[in-house]
Amino acid sequence: MRSTTEMIKQPSQVKQLKMYHYLMMSALLLLIASGIHYAIIHWDWYDQLLVIYICPVLMFLFALIAPAVSYRYSAYRVNQVSIELSQGLFWHKRSVIPMDRVQYVMISTGPIAKRLRLSKVNVITSGESVALPYVDEETALHIARLITERIKEVSSYV
């Protein structure tokens, strides 16, 4: 495997997408903490209030830092023989998927990703499903087309 510096990086909008994702999770945690806060006040457990509000604050700080770190370690490469992936936040994972094992390709996007014009290419193999990092819509179509052409070449040999 080659170093990640030689692999293709994600577009910069991915940082923004991941930040939105983590901020929504923080807001949900804050909402849950508010409900627990009400229950604590209702049952006079005031000594637990600090513990309840530490979680959303930590999640908010995580939402600000995590996208940049995750972006730094996410890359991919597609060639005639294989698909190489490098990704991770705390634990960095590098994997190589041989093109011979690929069965089909899907392109997916969510509402926020669609607004940022990002798509995710999902590669389904005989044993697993692997998602390439987010890329812009045109690149996703191009990658899917390349992989599909390679699948047709491999299936014609069989």
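## Helix α1 and what follows

Just after α1, D44 takes a positive phi of about 60°. Helices here are DSSP runs of H or I with at least four residues, strands are runs of E with at least two, and both are numbered from the N terminus. This is a predicted model, so local features need pLDDT of at least 70, side-chain atom pairs count only at pLDDT 80 or more, and totals for chains, interfaces and linings use all residues. Residues are numbered from 1 along each chain as its sequence is written, and side-chain values use heavy atoms, with hydrogens and water left out.

Back to α1 itself: this helix covers residues 13-43, 31 residues in total. From its first C-alpha to its last it reaches 45 Å, close to the 45 Å expected at 1.5 Å a residue (the expected span is 1.5 Å times one less than the number of residues). Several α1 residues are buried, including V14, L17, Y22 and I40. Buried means under 20% relative accessible area, exposed means over 50%, and partly exposed is in between, using a 1.4 Å probe and protein chains only.

## A nonpolar patch

Now for the surface. L50, I54, V57, L58, F60, L61, L64, I65 and V69 make a nonpolar surface patch of about 830 Å². To join such a patch, residues need over 30% relative accessible area and no salt bridge, and nonpolar side chains (Val, Leu, Ile, Met, Phe, Trp, Tyr) are joined within 5 Å, while like charges are joined within 9 Å. A salt bridge is a side-chain nitrogen of Lys or Arg within 4 Å of a carboxyl oxygen of Asp or Glu. Areas come from the Shrake-Rupley method with a 1.4 Å probe.

Take V69, which lies in helix α2 (residues 49-72). V69 is partly exposed, with a relative accessible area of 31%.

## The sheet

Four strands line up as β1-β2-β3-β4 in an open sheet with antiparallel pairing. β1 (8-9) and β4 (93-98) are at the edges with a single partner strand each, so one side of each has no neighbour in the sheet. Two strands count as paired if DSSP finds at least two bridges between them.

β1 and β2 are joined by two bridges, and I8 stands opposite Y76 in β2. Strands β2 (residues 75-78) and β3 (residues 82-87) pair over four bridges and form a hairpin with three residues between them. Across this pair, R77 stands opposite E84, and V78 has I83 as its bridge partner.

## A closer look at S82

S82 sits in strand β3. Is this residue buried or exposed? S82 is buried, at 10% relative accessible area. Setting aside neighbours within four places in sequence, S82 is in contact (heavy atoms within 4.5 Å) with R77, V96, I97, P98 and M99.
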